[in-house]
Amino acid sequence: MTPLPIAEAAHRFRNVIESLQVDQLELLSEAFVANAHFKDPFNDVTGRDAIVRVFVHGYKNCPNLRFVVDEMAFVPDTRVVFFYWRFLCGAPSDLKLVGVSRVVFDDEGLVVDHVDYWDPAEQLYSQVPVLGALLRWVRGRLSA
């Protein structure tokens with residue numbers, strides 16, 4: 001079997017992520033291999049069901065959750081793609097996060113490994129009144 005071209009796999013995955021809705025999480029499940037690995041600053045899980053649970057939790061806390069992929073970078077001679085994305089929560093919180101995901105695809109174009117990189121201290125914790133003030137003070141003390 002000829003491997004699915006990496007650009008096609010990446011664009012297909014981008015489509016899934018950008019069009020994801022709370023009532024269509026089976027599409028997410030279909031994008032990953034059965035024993036796929038997913039990691040972000042709060043989760044480190046293996047398996048489709050566990051990955052879907054992470055997103056179910058996300059939609060529970062942010063019903064208007066959506067992702068926008070602004071850039072993709074392909075690592076030459078590999079099946080690795082980096083996605084630069086925005087996480088938008090929408091009303092009522094209007095939370096916005098930006099990050100990068102390193103995604104590894106198998107020959108069929110399914111995700112084997114997905115690791116999100118983003119800074120919860122700067123983008124999330126800093127919005128909590130007391131904690132935010134403390135983090136700004138620490139950042140000020142540590143900056144040159």
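1. Strands here are DSSP runs of E with at least two residues, numbered from the N terminus. Two of them pair if DSSP finds at least two bridges between them. The model is predicted. In it, β5 and β6 run antiparallel and are joined by six bridges. Val-100 has Tyr-117 in β6 as its bridge partner. The hairpin of β5 and β6 has five residues between the strands. Gly-109 of this hairpin takes a positive phi near 85°.

2. **The other side of the pairing for β6.** Which strand pairs with β6 in the parallel sense? That strand is β1, residues 32-39, and the pairing runs over four bridges. Phe-32 stands opposite Val-111 in β6. β6 is also mostly covered, with five of its seven residues buried.

3. **The β3–β4 hairpin.** β3 and β4 are antiparallel, with eight bridges between them. Ala-73 is bridged to Phe-82 in β4. Five residues separate the two strands of this hairpin. Asp-77 sits in the turn and has a positive phi of about 60°.

4. **Helix α1: length.** Helix α1 covers residues 6-19, which makes 14 residues. From its first C-alpha to its last, α1 reaches 20 Å. That is close to the 20 Å expected at 1.5 Å a residue.

5. **Helix α1: buried side.** Which residues of α1 are buried? They are Ile-6, Ala-9, Ala-10, Phe-13, Val-16 and Ile-17. These residues cover an arc of only 125° around the axis, so they lie on the same side of α1. The elements covering the buried residues of α1 include α2 (25-30) and the strands β1, β3, β4, β5 and β6.

6. **Aromatic pairs.** How many aromatic pairs does the structure hold? There are eight. Take Phe-13 and Phe-83: their ring centres are 5.7 Å apart and their planes stand at 65°, so the pair is edge-to-face. The cut-off for that label is over 60 degrees. The pair links distant parts of the chain, with Phe-13 in helix α1 and Phe-83 in strand β4, 70 residues apart. Both partners are covered. Phe-13 is buried at a relative accessible area of 4%, and Phe-83 is buried at 3%.

7. **Aromatic cluster.** Phe-38, Phe-55, Phe-67, Trp-85 and Phe-87 form one cluster.

8. **Salt bridges: Arg-86 and Asp-70.** A search of the whole structure finds four salt bridges. In one of them, the side chains of Arg-86 and Asp-70 meet at 2.8 Å, N to O. Arg-86 lies in strand β4 (residues 80-90) and Asp-70 in strand β3 (residues 66-74), so the pair ties together parts 16 residues apart in sequence. Arg-86 is partly exposed at 31% relative accessibility. Asp-70 is partly exposed too, at 34%.

9. **Salt bridges: Arg-79 and Asp-107.** The side chains of Arg-79 and Asp-107 form another salt bridge, at 3.7 Å, N to O. This pair joins two loops: Arg-79 is in the loop between β3 and β4, and Asp-107 is in the loop between β5 (95-105) and β6 (111-117). Asp-107 is partly exposed at 45%.

10. **Salt bridges: Asp-113 and Arg-102.** Asp-113 also forms a salt bridge with Arg-102, and their closest N and O atoms are 3.9 Å apart. The cut-off is within 4 Å. Asp-113 belongs to strand β6 and Arg-102 to strand β5, 11 residues apart. Asp-113 counts as buried at 18% relative accessibility. Arg-102 counts as partly exposed at 29%.

Methods
Residues are numbered from 1 along each chain as its sequence is written. This is a predicted model: local features need pLDDT of at least 70, side-chain atom pairs count only at pLDDT 80 or more; totals for chains, interfaces and linings use all residues. Side-chain values use heavy atoms; hydrogens and water are left out. Buried means under 20% relative accessible area, exposed over 50%, partly exposed in between (1.4 Å probe, protein chains only). The expected span of a helix is 1.5 Å times one less than its number of residues. The arc is that of the directions from the helix axis to the C-beta atoms. Contact means heavy atoms within 4.5 Å. Rings of Phe, Tyr and Trp (its six-membered ring) pair if their centres lie within 6.5 Å; planes under 30 degrees apart count as stacked, over 60 as edge-to-face and the rest as tilted.
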